[in-house]
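Dear colleague,

I would be glad if you read them with the model open beside you.

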Amino acid sequence: MAKAKKVSGIGSEEMSRMLKERNSFLLANVLAPQKARSITHWEEITCLGFNPQMQRMEAVVSIKQSTGYNGNLCSAASAEYVRFYVDFKDGNGFVDMGITSFKSADISNAPPGPQHPLCYMLYLYIDDEKYRRFIDCHTAVVPKMRAILSWKDAPTPSTPNYAPHYGNVRDADIQLQKRNFLYAKDVFELAKAKDLLTAIKPDVQIALKEPVPPKAVAIYESNKKVGIPDHRTFYSTVGSAIHSHLDFKQAAALYDLKDLAALKINTAKLLSFYNPDKKAADVGFEEVTCVGLNTDTDTLGAIVHIKKTSGYNGDLCHTGSMEHVAFWADWNNDGTFDQYLGTMSFEVHDIANMPVGGLFYNVALPIDVSNRLKSCQTPNIIGIRAVLSWESLPSTTDPDQLNTWGNSIDALVQLRPGASSGIHTIISLVGNVNRLMIDSTQHLYNYNAVAPTPNNNRPWGGSISFNGIIDRNGFNGVIKFRLSYKPYGTPDGDYKAVSSSETFNRWQPLVSIWPYTVSQTADSDGWYIYDLNPALGIYNIYDNNYLSHLDTSLFADGTYTIRFEYTDEFGNPVVGDVFSIVVCNKGMTVSQTANNAVDMTKDLDLVIDGGDCHSYKNSAPMINGHLRAVHPFFSSWALDLQPTSHTHGAHPVPINRSYSSLGDSGDSNASWSLDTTPLDPCGYTVSLKGHSRVILHSNPGYFPEYGPKAVGFAKLP
């Protein structure tokens, strides 16, 4: 008998079984919760990093197989969710930072050249200001970052220990930017003079000095003590003074050659370290580990691992040094990287409290792909190379050149589908969820009537953002756009402008690392000017190509149609997209009174039958009660018994419930019970919280919470 053909080391029979299990995963999970297995055969987070200056979190996800993603690029296929958490080491554990996602699809391995694995980059910008501190010049705030990848089943904000069935969990140590001021109380505490707080207001801000270049003598002596070689310490200084192929014009750690002479440094011995063969470099201090593409924003990202506590020529009070990452493209995926795309940089410093495994940073570079796009029937796979170099800039003419410090890494990425000529457009996100996953009949996000989870069948509420790209394809004239809305089914004459004024984030990465804002007021017909233009280096990656927002807070609940228009090369209006969404702004009203039976006029209530605040003994230990949690888009309810330190594992039965079908609006008067036998003699509360599945204010990672409604009782000896 012939042996079964193997796919990626797995026999065809086993692969068939795995695919069958994967395709029925959500249904099986509803019928009987599946044991989390963290299967990484199809998808896996490979790298994480944080950019302190930009406050940007990045993850790179590897999509490994050609099938198993529920459809091709022309379909909704499937969603890969990544939720980020950070443990700021303040005693509160991992804190939710938000969720993002991308579409994974079945992409054939048949075309010439390699097609897998495909590397997708995801990112989120966060506000870490309140977590920043100044400890001293050598000690940074080094939190732990966590990302959870889960196929089709989104992790919730409160589950940092969630183990996905398909996907994985990855941690990385990161560094926060040093706060540029101290509070008076910080100074007194550092100086052990807390009694001065009575004389000076503790919240007075004291500005710190701007970082200055360190002295050559101090750096040399400090580096020498910990074994940093001279050719590392004086790499930029000597390299900028000799004739070589290296470019040091953006180097931060430059010293006067006279200082080297005073230190009796034999510069002649250092010349051999300037990598004349250009093919090998030292990765003992830094290494680029992953590169990927964010398909929604046409943005490349790379993760860099910083490995040592010293060797970066400056602590946090000094300028330190620079890591540079250049990106190259192989547009036809033939192994030749024929176009330099740009270089992005970030600062590094000597950090005494560097974790054992090092720190992980990132860079991001938006690129122009508008004239490289293909239809969804022809997946467009290209090669990307990231080249890392410390202090000296990477080459802009030779993709194979490595400087003395750093390395390069290659990856395959997928360009978003699109038209290859003429002005055209896409709406990519609606309320920060995938536009393609809005059902054309039910008008809900991620529609699933068979095996729903809380992340299925979701309407929108509050402020709804719209994000998308207008591809210019070489046209640099004026383009306008507008979004309009109307109640579903009404005449087109009922369309109204979504908004009247907007503020847009813009970024010119090759001009400045910092973004700027552009404010516009729509004209009388609701049109805005679209000033993004990759050909001129004007991008937006900070809010995912934001276009406009619709405030639905005063809308009647129901279905609304959205129309997106833009102007062509001749100024004529073109309809780019029309779709409908369900709006629901109803919350859950909570009973505020102690009741003997549930209040049927409210949406959420919890009672102990006959009233609460009673006492229970082991001779009669049972508590029986009822609860109410109803909503037209009900997601779940949960009971919580406190204090848990005295419960010995006891909990109400049932302890929670999620919706099970599209028509499930919750429980109008469900029974619950609690056996108090295991409880210590003490006072207790049972509280109820309810959740809807509305995407409120464009935050898909949040399920609106209502309550708690609590009841109390005592356990007697």
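At 3% relative accessibility, Cys 584 counts as buried, a word used here for under 20% relative accessible area, with exposed meaning over 50% and partly exposed in between (1.4 Å probe, protein chains only). Cys 613, in contrast, counts as exposed at 63%, and its sulfur is too far for a bond, since the closest cysteine sulfur, in Cys 682, is 14 Å away.

Before going on, please note that this is a predicted model, in which local features need pLDDT of at least 70 and side-chain atom pairs count only at pLDDT 80 or more, while totals for chains, interfaces and linings use all residues. Residues are numbered from 1 along each chain as its sequence is written, and side-chain values use heavy atoms, with hydrogens and water left out.

A search of the whole structure finds three disulfides, a disulfide being a pair of cysteine sulfur atoms within 2.5 Å. With bonded cysteines counted along the chain, the pattern is 1-4, 2-6, 3-5.

Cys 47 belongs to strand β3 and Cys 290 to strand β12 (residues 286-294), so the bond ties together parts that are 243 residues apart in sequence; strands here are DSSP runs (E, at least two residues), numbered from the N terminus. Both Cys 47 and Cys 290 are buried.

Another disulfide joins Cys 74 to Cys 376, again with 2.0 Å from S to S, and links the loop between β4 and β5 (78-87) with the loop between β16 and β17 (380-390), 302 residues apart. Cys 74 is partly exposed at 38%, as is Cys 376 at 23%.

Cys 137 and Cys 317 are also joined, at 2.0 Å from S to S, and their torsion of about -80 degrees makes this disulfide left-handed.

Turning to the strands, seven of the nine residues of β3 (residues 43-51) are buried, so this strand is largely enclosed by the rest of the structure. Eight bridges join β3 to β4 (residues 56-63) in an antiparallel arrangement, where two strands are said to pair if DSSP finds at least two bridges between them. Ile 45 stands opposite Val 61 in β4, and the two strands form a hairpin with four residues between them, in whose turn Gln 55 has a positive phi of about 55 degrees.

In β16 (residues 359-366), eight of the eight residues are buried, so this strand too is largely enclosed. Leu 359, Tyr 361, Val 363 and Leu 365 cover one side, and Phe 360, Asn 362, Ala 364 and Pro 366 the other, all of them buried. Eight bridges join β16 to the antiparallel strand β13 (residues 299-306), with Asn 362 as the bridge partner of Ile 303.

The largest nonpolar core has 110 residues, of which Val 82, Phe 84, Phe 234, Phe 327, Leu 341 and Ile 384 touch the most other members; such a core is a set of buried Ala, Val, Leu, Ile, Met, Phe, Trp, Tyr and Cys residues joined through side-chain atoms within 4.5 Å. Strand β7 (residues 118-125) gives the most to this core, with seven residues.

Best regards
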